[in-house]
Amino acid sequence: MRDFQRSDPSPLGDPSLELTAFVGRSAELRGLAEALETARLVTLTGMGGVGKSRLAAHAAARTDPREGAWRVELSAVRDPDLVEYAVVEALGLTDHTSRPPRRVLLDHFAERQLLLVLDGFEHLVDACASLVGELLRHAPGLRVLAVGRRPLDVAGERLFPLAPLTEPEAAELFADRAAARVPGFALDDGNRSDVRELCRRLEGIPLAIELAAGRLSALSPAQLLARLEDRFRLLTGGARDALPRHHTLRTAIGWSHELCTPEERLLWSRLSVFAGQFDLEAAEYVCSGDGLHADDVLDVLGELLAQSVLSRTETAAGVRYRMLDTVRAYGADWLEAIGDAGRLRRRHRDWYMGLATWCELDWFSPRQGEVAARVDAELPNLRCALEHCLTEPGDAHLGQYLAGSLWFYWVGCGRLSEGRHWLERSVELDGDRDQSRLKALWVLGYVAVLQGDTVPALSALHECREEAERTGNATAAAYAEHRTGCLALVTDDMVRAETLLRSALDRYHEIGELNSNVLMGQVELAMTLAFQGDLPGAVMLCEDVRRVCEDHGERWALAYALYVLAYEALAGRDSPRARDLLQECLGIAHTFHDLLGTVLSVELLALVTAEEGDPAEAALLQGAASRMWPSVGLPLFGSAHYNGPHERCASLARRRLGDERYEECVRAGARLGQEAAVARALGPADGARPLGVLPSPRRRPPDMREPAVSPTSKGGETTG
């Protein structure tokens, strides 16, 4: 990887870990794998429920591109404008700049060899076709496997239509799934003819067969067949083969729906409001009431799970459930038909508003990691709630509140670009609640500051501060002043930064505000003091932050306090302490996918390494940092203050290595991906080196009479 960092690798996955057997499809699997070898764009088409996604996963697993195969699940994406964000998310790319996500993807794919699997694109076909066409034109090593119900209609596309299972394969699938429901079930002379006829009537459609097999705990194959025959006769007037195949699936789903109890049908329809996965607590809140008590949701959900209407999976955020798209669409139609869709969407919105509020509060606690995982898992539903708020008349203020409340996720978990998308959309609308709009404005300004986009940042923060002063909103005024001070810090105006940050901290104290933002204000003030030579003042502020973080279990702001303390330790020629502090800082930042904190730590660790006498390793770390900076913004913010340690490290390393050797080591570092670079920086100073990079001979420590970072050299970094 050269420019963009994979913060949390999420490749296609290992098909051998699937919970149910992959039945049949041997010829199709060979054919699709061969197509992927000869064409750069292959579109696997077929009706819903025919098994496209699973075949695609197995075929992709047979390919061997250098950077692997990566799957993008698009079924939960409802806004065409979010397609590119979904691809960025699936690839685990972290980009803090203001570049559009398409530009990020174009640069990421430019020199890579990988397979991109776009699954479930049919409702986003224009957006996907535009993106795929441009990516393929500019990335010669990219291959795309598109999976949907229709072609993309992109030049060079090779179509691979997928038919239903053959009769023997369909019977094998039924038997496999039936054995999972009824232990000991097997095809025998007593049921074989009924199973074959059942599979024939279901036309070999895997989803329909699995739904039928899910009923075996209550009905025999003969009973299943009899009930299904009755349903088909109603639709075809008795003509056994007159039903089109796409109607066969819908009929099979409808038949399964009819066999449900009233409570099961009700929950099925209500669960259709969720985008992607959901958990039990969300289902209990959103779907209960009007005929379904919250205490009964778990039991009813369990029945739908047993009937294959739902699937269950374990994630970092706990047990989650989901519906296949075709099943969800059937439930959504029923929800519309009974006139309850609007109410359920509002309940869905309210749940995720509450979730965002809870997560914002809990971010300042020992549960930061849990909060980050929860929001990651709920992102499709949060997007759905945001879209509802920003398009429903009268709900603009709710969208502003929701986009603003997720500041910790946009900023702390590497989602600046998408956060800005929602924040800008929200503040363009006229809401009737000043407080919500003001929050969205200061968060927008904060995001723009971190992206290095000065003019929009100033505009948003100025508007927020003026309106806050006019309406007497002391909280919004404090945040606007704080983030304006942060902007002064990253643009080298230390006197103004100190004035604004001190004033903002005073305001926070007056209103009793204490959270991660307030602690970051103290850290930013400490950095300002350090840049001006007041290292004792900086240490006092950061030690206070450290104590508060330990009391509350806060880790994200703690990382930046550790960074400033390491800066001071290095200035005092205490390299071992500086290394310990920076490695702890780096570990925290990397855990939260905070690329800014990560690259700042690596930059300063390079100087520590040079001061310890290993110029080659220091140069290598500088090269690794140079690869991260394009995803953050202007390297070291283009600032003399931030650039000081970098220049000192480069000077030391060049002097000891010579220009040619120094550049060679930098290039070796630039070949490291983020995971490898972080692992290297976190490793012991005298440990074994990963393969593929240059060894560095140990040298005697340099003369340490001069501080590693002079307070007058305007060196160091910022927390942003």
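The structure is a predicted model, in which local features need pLDDT of at least 70 and side-chain atom pairs count only at pLDDT 80 or more, while totals for chains, interfaces and linings use all residues. Residues are numbered from 1 along each chain as its sequence is written, and side-chain values use heavy atoms, with hydrogens and water left out.

**Exercise 1. Describe how helix 26 and helix 27 pack.**

Step 1. Two packed helices are described by the angle between their axes and the distance between the axes. Helices are DSSP runs of H or I with at least four residues, strands are E runs of at least two, and both are numbered from the N terminus. Axes are lines fitted to C-alpha atoms, for helices over the stretch in contact, with angles from 0 to 180 degrees between N-to-C directions.

Step 2. Helix 26 spans residues 556–571 and helix 27 spans residues 575–591; their axes come within 8 Å and cross at roughly 160 degrees. The two helices are therefore roughly antiparallel to each other.

Step 3. Their contact (heavy atoms within 4.5 Å) includes Trp556, Leu562 and Tyr563 from helix 26, and Arg577, Leu581 and Ile588 from helix 27. The contact residues divide into 14 nonpolar, one polar and three charged. Here Ala, Val, Leu, Ile, Met, Phe, Trp, Tyr, Cys and Pro count as nonpolar, Asp, Glu, Lys and Arg as charged, and the others, Gly among them, as polar.

**Exercise 2. Is Arg25 buried or exposed, and what does its side chain reach?**

Step 1. Arg25 lies in the loop between strand 1 (5–6) and helix 1 (26–38).

Step 2. With 2% relative accessibility, Arg25 is buried (buried is under 20% relative accessible area, exposed over 50%, partly exposed in between; 1.4 Å probe, protein chains only).

Step 3. The Arg25 side chain comes to 2.7 Å from the backbone oxygen of Val50. Another partner is the side chain of Glu28, in a polar contact at 3.2 Å (N or O atoms within 3.5 Å; within protein, one able to donate a hydrogen and the other to accept it, and residues adjacent in sequence count only if both atoms are side-chain atoms).

Methods:
Parallel < 35°, antiparallel > 145°, perpendicular 65-115°, else oblique.
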